[in-house]
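Open the model in your viewer and keep the selection panel at hand.

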Amino acid sequence: MNQLMSNDPGKSKLNEQIDQNLKRVYDEALNEEVPDRFRQLLDALKKKQAEQ
Amino acid sequence: MTLRPAGSPRGNPRDEIILYLASMRAFAISLTRNVAAADDLVQDSIVKAWTHIDKFQPGTNMQGWLFTILRNTFYSDRRKRSREVADPEGVYAATLYEKPAHDGKLVFNDFQRAFDQLSPEHREVLILVGASGFSCEQAAQTMGVAVGTVKSRASRARKRLAGLMGMVEGEDVLDGMDANTTAVMGRSGMQAA
């Protein structure tokens, strides 16, 4: 139906590999440990909110 | 299990922001290709989301809402600075992506080099649609463009990416061979040479 679902073997294989690599780029970033600074920031914002 | 749409919301949506820190950061890294810049971007986006939580409609996709804030912040900062933030020491590239590729063809390091060379707009659409699991409709909403624009931009981005890696659709190594055959032939070719 659409381009990405094409039956052209070369094209779909290339897109498949691009997708696999894109997922890997994203997942590697996703699986990194989230720095504490963000939780600390949320805690600080919450504290500030409670004081108001 | 599911949130009831009517009645009082079960919790404060602000308390849900924490659930999306990792995905916000992954999206920010995809856009900036620089961990320090990504972390600053996430930090700014958290503050904005917290401050403007009244703009969030409970029951809608919070990840999409947060991603919208993040990418709008990114592009607006970028316009203000009007220059690219580079990763002068190559810290990110050096530390994160040293793992060997396991598929013989699209070597991952080559892929990343090509990915880094794309415009942020192209990286954005490919990551949203190709990797983060957003539908074209969700991506369109996040990016503030039409669904057709998402599809055509993604298609152009794929072509550009393939071009940067020296791969053209339907050509050369990908033509009519499966990955294993190509990998084996590539190896034996190298041994013979």
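Start in chain B and select R123(B), E124(B), V125(B), L126(B), I127(B), L128(B), V129(B), G130(B) and A131(B), the buried residues of helix α6(B). Buried means that 20 or more other C-beta atoms, placed from the backbone, lie within 10 Å of the residue's own; helices are DSSP runs of H or I with at least four residues, numbered from the N terminus. Nine of the twelve residues of α6(B) are buried, so the helix is largely enclosed by the rest of the structure. Next comes G133(B), which follows α6(B) and has a positive phi, near 90 degrees.

This is a predicted model: local features need pLDDT of at least 70 and side-chain atom pairs 80 or more, while totals for chains, interfaces and linings use all residues. Residues are numbered from 1 along each chain as its sequence is written, and chains are lettered from A and ligands numbered from 1 in the order written.

Now select residues 62-81 of chain B, helix α3. Its buried residues are W65(B), L66(B), F67(B), I69(B), L70(B), R71(B) and F74(B). They pack against α1 (21-32), α2, α6 (120-131) and α7 (136-143) of chain B, where contact means C-beta atoms, placed from the backbone, within 7 Å.

Last, show α2 of chain A (36-51) with α2 of chain B (35-51): they pack at about 25 degrees, with axes 10 Å apart. α2(A) and α2(B) are therefore roughly parallel, the term for angles under 35 degrees. The contact is made by R37(A), F38(A), L41(A), L42(A) and L45(A) with V42(B), Q43(B), I46(B) and W50(B).

Notes
Axes fitted to C-alpha atoms, helices over the stretch in contact; angles between N-to-C directions. Helix = DSSP H or I, 4+ residues; strand = E, 2+ residues; numbered from the N terminus. Parallel < 35°, antiparallel > 145°, perpendicular 65-115°, else oblique. Contact = placed C-beta atoms within 7 Å. Expected span 1.5 Å × (residues − 1).
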